[in-house]
Amino acid sequence: LSSPSMADDDRPAPRLPVVDSATLSAMMKAMAVTPGSEDDFTQKDFAFWTTQPVVQFSEAPGSSEGEPGPIEPAIPVSEVKQEPYTLPPGFEWCTCDTTDEATRLAIYKLLNENYVEDDDEMFRFDYSDAFLAYALRPPGYEKEWIVGVRVIKTQKLVGFITGVPAHVKAEGKTVRVAEINFLCVHKKIRDKRLAPVLIKEVTRRVHLTDTWQAVYTAGKVLPRPYATARYHHRNLNPKKLIEVGFSSLRANMTMARTIKYYKLPEQQTLAGWRPMEPRDVPRITVLLNEYLDRYLMHPVFSEEEVAHYFLPKTDIVNSYVIDPQIASAAGSGEPPASSEIKDFASFYTLNSTIIRHPKHNILRAAYAYYNVANTVSFHDLMYNNLIAAYNLQYDVFNCLELMENGGVVKDLKFGMGDGFLRYYMFNWRFAEKAGHIRGDQLGLVLM
């Protein structure tokens, strides 16, 4: 992969540090990024996926009827395979109880040592115990969807895949889905081909709850993405990123000038900016769902889900609102015309372990989550997201080119990566007009 060019600026700008896009692609959740397009691959490369109800590359991407819907119809739950799939000798299935501390520790160890890392083994995702509890136990979570494979003799966890329940609206149709994530097989047993069996087993368990669709993302090109989003990366702590090899200085560019170029204010620039509070949950639920309804593919949130996913949790998720009453008090002092919150900003945290570095051991990374701007510009809302992350001492702020993000990344000094995240929906065919949804038509963020 070639290094991406950094964001340009309308003003004369210094030469910016080179961002190692292969590292970024790996670390920004682009699992095993494969450069190229769908046209570079043939059916023989996807033997497993040709057996699954997903849109194949040999087919038209959209529905011939012009309506979105399942590829295969639902069947009675009683007809779903009742017994687990067969594993190679010496292994057994387990349901991972994420309320149990020892189980979470085993999951953490497996992911920390075997999940996504860059090709040079310099960085590896660090899913904390608290983050795993947050990601895997949303309201209404299904315990049986947290699937593991253990070695029978030692009980060591060596395979893992998860699903959590959600509702999405796909071209106007609301569908209950499983969000599939954390597919991981221990490095030493990848010749056992456990990944396809893990996928089939979690699918079986999801079907047993009368759920027939799933959403998932990958860096790899598989049959067949309905959307693709490019990564963008904004340096917040360039000195540290350069020291650890995450980025590098370009010729004729000094460290001091680089630090100055990326420096952000210590104070928020939007009046009324404050952290989200429990009392905001009902309003944020309405605000998010109304905003997201403009996109062809997006989640539908309940109040319980908004409380779980967005109420601030240290080193997991940060959410903010612009409070009209506070903004008015800071300005004219007159009561606002409306006290209703109309602007919302959020990002979540996914740190990485820095491997074998003498000075630094953690890379603090913020990821743009859901952001809604009505009374202020989207540019200013995201700028204040950057300020918040900068003052909380994050090292880098990442976002995908979806929703409105693409329109502000250049001005906000994001670097354009050459890593892509591809979006998939299991057992679903989109309408012909949206066989491939653009990033600015996509309103779905999967952690």
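The following legends describe close-up views of a predicted model.

**View 1. The second largest pocket and its lining.** The space in this pocket amounts to about 320 Å³. A total of 17 residues line the second largest pocket, and those that lie nearest its centre are Pro53, Glu72, Tyr85, Thr203 and His207. By class, the lining comprises seven nonpolar, five polar and five charged residues.

**View 2. Helix H4 at the second largest pocket.** Helix H4 spans residues 194-207 and gives the most to the lining of this pocket, contributing four residues. Thr203 and His207 are among the residues that lie nearest the pocket centre.

**View 3. Strand S4 within the structure.** Strand S4 covers residues 146-151. Five of its six residues are buried, that is, under 20% relative accessible area, so the strand is largely enclosed by the rest of the structure.

**View 4. Pairing of strand S4 with strands S2 and S5.** Strand S2 (residues 91-95) pairs with S4 in the antiparallel sense over five bridges. Strand S5 (residues 157-170) also runs antiparallel to S4, and five bridges join these two strands. Val147 of S4 is the bridge partner of Thr95, and Val147 also stands opposite Ile161 in S5.

**View 5. The hairpin of S4 and S5.** Five residues lie between the two strands of this hairpin. In the hairpin, Gln155 takes a positive phi near 65 degrees.

Technical notes:
Residues are numbered from 1 along each chain as its sequence is written. This is a predicted model: local features need pLDDT of at least 70, side-chain atom pairs count only at pLDDT 80 or more; totals for chains, interfaces and linings use all residues. Side-chain values use heavy atoms; hydrogens and water are left out. On a 1 Å grid over the protein atoms alone, a cavity is a set of points where a 1.4 Å probe fits but cannot get out, and a pocket is an open set with protein on both sides within 12 Å along at least five of seven lines; lining residues have an atom within 4 Å of a point. Grid points are joined across faces, edges and corners, and a volume is the space filled by probe spheres set on the points. Ala, Val, Leu, Ile, Met, Phe, Trp, Tyr, Cys and Pro count as nonpolar, Asp, Glu, Lys and Arg as charged, and the others, Gly among them, as polar. Buried means under 20% relative accessible area, exposed over 50%, partly exposed in between (1.4 Å probe, protein chains only). Two strands pair if DSSP finds at least two bridges between them.
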